[in-house]
Amino acid sequence: AVSNDSKIWMNGKLVAKEDAKISVLTHTLHYGVGVFEGIRCYKTENGSAVFRLKEHIQRLLDSARIFMIDPGYSIDDLCKATVETVIANNLEECYIRPIIYLGDGGLGIKIDEKYPVETAIAAWNWGAYLGEEGLAKGIKVCTSSFNRFHVNSTATRSKTCGNYVASVLAKREAVISGYDEALFLDTEGYVAEGSGENVFIVKNGRLITTPMTSILRGITRDSIIILARDLGYEVIEQRFTKDDFYLADEAFFTGTAAEVTPISQLDGRKIGTGARGEITGKLQSAFFDIVKGKNKKYTDWLYPVK
Ligand SMILES: Cc1[nH+]cc(COP(=O)(O)O)c(CN[C@@H](CCC(=O)O)C(=O)O)c1O
């Protein structure tokens, strides 16, 4: 959680956490029209670096643009603000949460151009999202009774606050039933993604992942596709079903928070041997080498904190 002595960047100023308060009349609190990012900063041999910061800030601004919200900051402004926030909190490694939201300027479903657009950035230590054991041994997943949205049900390419109501419902349903994570199918029944992650399966040495249908265009998903192909694996973006998943040799989630988390079971079926798969293990350690600056080939993915 965010420590009490944390500094939060708000509209250009770093404020103490106890002063980072908003009105109960904040439009986004009522209607969920706000956009956010999840970004990670890692310790490397040459100091701390934020993983694919520009791509994340670009997606944040794209998410805002979909809702015709302009925060009035450029990519560079927000990259600098992110670095400032990490430094102000003396965090060598951390999870970073920028959010752009509509403030207290009026309520109602019709968004008025006059509504104040606010931007805030928080940073805190967030370890293994699905647990260290999950990273090592894999997690148990269930197919959710909720669908990932149809592309016309909401803005599926935007990381929109309100979209996460469905993720919270799915995750709660999974955890109450004794699972670690939920898997969304899309409205046609094909595998979409996790409540907060993209998903890959491995079959006969080949990686398969959901194409850009109704899922979030994950930056970790993109990184793993590039990395896997660089390592000589075939990666195809092709829709697949939950019983394809049951028959997979391996499976894993990707996400900024989840990193590369193996999936050991889906709906009670062991995936492969029920342990972290061999290719999953290779990709996971290659990913961690990259974010920690040990693989010079991917240096341009690391945005230095200085
Ligand atoms: C629905 C969804 N799909 C895919 C991803 C992976 O995207 P990327 O991080 O760019 O590889 C995330 C990130 N989920 C964020 C929020 C997690 C949370 O609990 O909050 C995250 O991983 O930071 C999603 O929320």
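# Values and cut-offs

Colleague: What makes E237 partly exposed?
Modeller: E237 has a relative accessible area of 38%. Buried means under 20%, exposed over 50%, and partly exposed in between (1.4 Å probe, protein chains only). So E237 is partly exposed. This is a predicted model: local features need pLDDT of at least 70, side-chain atom pairs count only at pLDDT 80 or more, and totals for chains, interfaces and linings use all residues. Residues are numbered from 1 along each chain as its sequence is written, and side-chain values use heavy atoms, with hydrogens and water left out.

Colleague: How do you know that the side chains of R221 and E237 meet in a salt bridge?
Modeller: The N to O distance is 2.6 Å. The rule asks for a side-chain nitrogen of Lys or Arg within 4 Å of a carboxyl oxygen of Asp or Glu. So the pair counts as a salt bridge. The pair links distant parts of the chain, 16 residues apart: R221 sits in helix α6 (residues 219-230) and E237 in strand β13 (residues 234-237). Helices (H or I, at least four residues) and strands (E, at least two) are DSSP runs, numbered from the N terminus.

Colleague: Is R221 buried or exposed?
Modeller: R221 has a relative accessible area of 4%, so R221 is buried.

Colleague: Which side chain meets K171 in a salt bridge?
Modeller: That of E181, at 2.9 Å, N to O. K171 is in helix α5 (residues 164-176) and E181 in strand β9 (residues 181-185), ten residues apart. E181 has 0% relative accessibility, so E181 counts as buried.

Colleague: How many salt bridges does the structure hold?
Modeller: It holds 15. One of them pairs K114 with D112 at 3.0 Å, N to O. K114 is exposed because its relative accessible area is 68%, while D112 is partly exposed because its value is 22%. R52, E55 and D222 are linked in a network of salt bridges.

Colleague: Why is H56 called buried?
Modeller: Its relative accessibility is 1%, so H56 counts as buried. H56 lies in helix α2 (residues 53-66). A polar atom of its side chain lies 3.3 Å from the backbone oxygen of G38. Contact means heavy atoms within 4.5 Å. Beyond four places in sequence, the contacts of H56 include E37, F51 and T256.

Colleague: What makes V24 exposed?
Modeller: V24 has 62% relative accessibility, so V24 counts as exposed. V24 lies in the loop between β2 (13-16) and α1 (27-31).

Colleague: What is the phi of M68?
Modeller: Phi of M68 is near 60 degrees, a positive value in a residue other than glycine. Most residues other than glycine have a negative phi. M68 is in the loop between α2 and α3 (75-88). M68 has 77% relative accessibility, so M68 counts as exposed.

Colleague: Where is D267?
Modeller: D267 is in the loop between β15 (259-266) and β16 (269-270). Phi of D267 is near 50 degrees, also a positive value. D267 is buried because its relative accessible area is 18%.

Colleague: What does the domain assignment of the protein give?
Modeller: It gives domain 1 (7-124) and domain 2 (132-291). The bounds come from an automatic or database domain assignment. The C-alpha centres of domain 1 and domain 2 lie 26 Å apart. The contact takes 21 residues from domain 1 and 20 residues from domain 2.

Terms used
A polar contact is a pair of N or O atoms within 3.5 Å; within protein, one must be able to donate a hydrogen and the other to accept it, and residues adjacent in sequence count only if both atoms are side-chain atoms.
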